[in-house]
Amino acid sequence: MALAIHSTQSAAQTAGVKILVFGGAGAGKTTLISTLQPFNPIILSAEAGLLSLSRFNLPFMQITTPAELAEAHRWLMCSAEAQQFGAVSIDSISEIAEVVLAKAKATAKDPRQAYGTLIEECMASLRLFRDLPGRHVYVTAKQELQKAEMGPSKWLPSLPGSKLGGQIPYLFDEVFYLGISPPQPDGSTFRYLQTTATFDRDCKDRSGMLDAYEPPDLSLIINKILGK
């Protein structure tokens, strides 16, 4: 079979942009889903925290088990009904990982085996959604401070265990931190997305199209990455 030659430019246009955003409680990670409305998103929610989206009419599926997450992926890949959704949001991978770990602990004889299962299943699930063709994917995660024996401590996506939080960012081309500014002179604050790494946060923008700090608008960012 002859191998086909493809264009990196066209591949970027058809594959979709895959984004991981981490941040503290109340930063607005879930609310950020609303900025995907131009792409008609569907939410896979593992949290009971969609109140911030109550003023928007956005469809969602409740995910309570790893099997339901796998079923949602099959539906997105195979269902004609699912083709209307141009973006998928997983909110949040931190909660889904907790569910995976609880299930693994219930069946594993050795706790270390449970954490191995956690890493294997979460990485496999995220690869499936990362590789969804023709869809933008937005994944949220809580944050935690990873203390280093040498060098500065860093804020990373928060997931159970000591290794998973540092591995998941490698799956994504775009890894952002959602932050809230200090109070301005008038007492107001604003939210921002940090797209480049600093000494205390591992962020990245492989597209090279973004500024170090961007407004919290995923549609704007996706269009900027795709050159639209």
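Residues are numbered from 1 along each chain as its sequence is written, and side-chain values use heavy atoms, with hydrogens and water left out. In this predicted model, local features need pLDDT of at least 70 and side-chain atom pairs count only at pLDDT 80 or more, while totals for chains, interfaces and linings use all residues.

Two packed helices are described by the angle between their axes and the distance between the axes. Helices (H or I, at least four residues) and strands (E, at least two) are DSSP runs, numbered from the N terminus. Axes are lines fitted to C-alpha atoms, for helices over the stretch in contact, and angles run from 0 to 180 degrees between N-to-C directions. Helix H2 (residues 66-78) packs with helix H4 (residues 111-130) at an angle of about 20 degrees, and their axes are 10 Å apart. H2 and H4 are therefore roughly parallel to each other; angles under 35 degrees count as roughly parallel, over 145 as roughly antiparallel, 65 to 115 as roughly perpendicular and the rest as oblique. H2 passes H4 in a left-handed crossing (left-handed if the near helix is turned anticlockwise from the far one by less than a right angle, right-handed if clockwise). On the H2 side, Pro66, Leu69, His73 and Leu76 meet Glu121, Ser125, Leu128 and Phe129 of H4, contact being defined as heavy atoms within 4.5 Å. The residues of this contact of H2 with H4 comprise 5 nonpolar, 2 polar and 1 charged. In this division Ala, Val, Leu, Ile, Met, Phe, Trp, Tyr, Cys and Pro count as nonpolar, Asp, Glu, Lys and Arg as charged, and the others, Gly among them, as polar.

Helix H3 (residues 93-107) also packs with H4, at an angle of about 140 degrees and with the axes 9 Å apart. That angle makes H3 oblique to H4. The crossing of H3 and H4 is right-handed. From H3, Ile93, Ala97, Val100, Leu101, Ala104 and Lys105 meet Ala114, Tyr115, Thr117, Leu118, Glu121, Cys122 and Leu126 in H4. The contact of H3 with H4 divides into 10 nonpolar, 1 polar and 2 charged residues.

Most residues other than glycine have a negative phi, and most peptide bonds are trans. The peptide bond from Asp91 to Ser92 is cis, with omega near 0 degrees. Ser92 is placed in the loop between strand E4 (87-91) and H3. Asn40, a residue other than glycine, has a positive phi, near 55 degrees. Asn40 lies in the loop between strand E1 (18-22) and strand E2 (41-45) and is partly exposed, with a relative accessible area of 30%. Buried means under 20% relative accessible area, exposed over 50%, and partly exposed in between (1.4 Å probe, protein chains only).

Two residues were examined in the loop between helix H5 (164-167) and strand E7 (174-180), namely Pro169 and Leu171. Pro169 is buried at a relative accessible area of 12%, and Leu171 is buried at 7%. Not counting residues up to four places away in sequence, Pro169 touches Leu20, Pro157, Val175 and Lys204. With neighbours within four places in sequence left aside, Leu171 is in contact with Met123, Leu126, Arg127 and Arg130. The C-alpha atoms of Leu171 and Ile19 are separated by 9.6 Å, although these residues are 152 residues apart along the chain.

Thr195 is found in the loop between strand E8 (191-194) and strand E9 (204-205). Thr195 is buried, with a relative accessible area of 0%. The Thr195 side chain reaches the backbone oxygen of Asp211 at 2.6 Å, a polar contact (a pair of N or O atoms within 3.5 Å; within protein, one must be able to donate a hydrogen and the other to accept it, and residues adjacent in sequence count only if both atoms are side-chain atoms). Beyond four places in sequence, the contacts of Thr195 include Val175, Phe176, Cys203 and Tyr213.

Val17 lies in the loop between helix H1 (8-15) and E1 and is buried at 5% relative accessibility. Val17 and Ile225 are 208 residues apart in sequence and 8.1 Å apart in space, C-alpha to C-alpha. Ile225 is also one of the contacts of Val17, among them Arg135, His136 and Leu226. Gln83, in the loop between H2 and E4, is partly exposed at 48% relative accessibility. Leaving aside neighbours within four places in sequence, Gln83 is in contact with Leu76, Met77 and Arg135.
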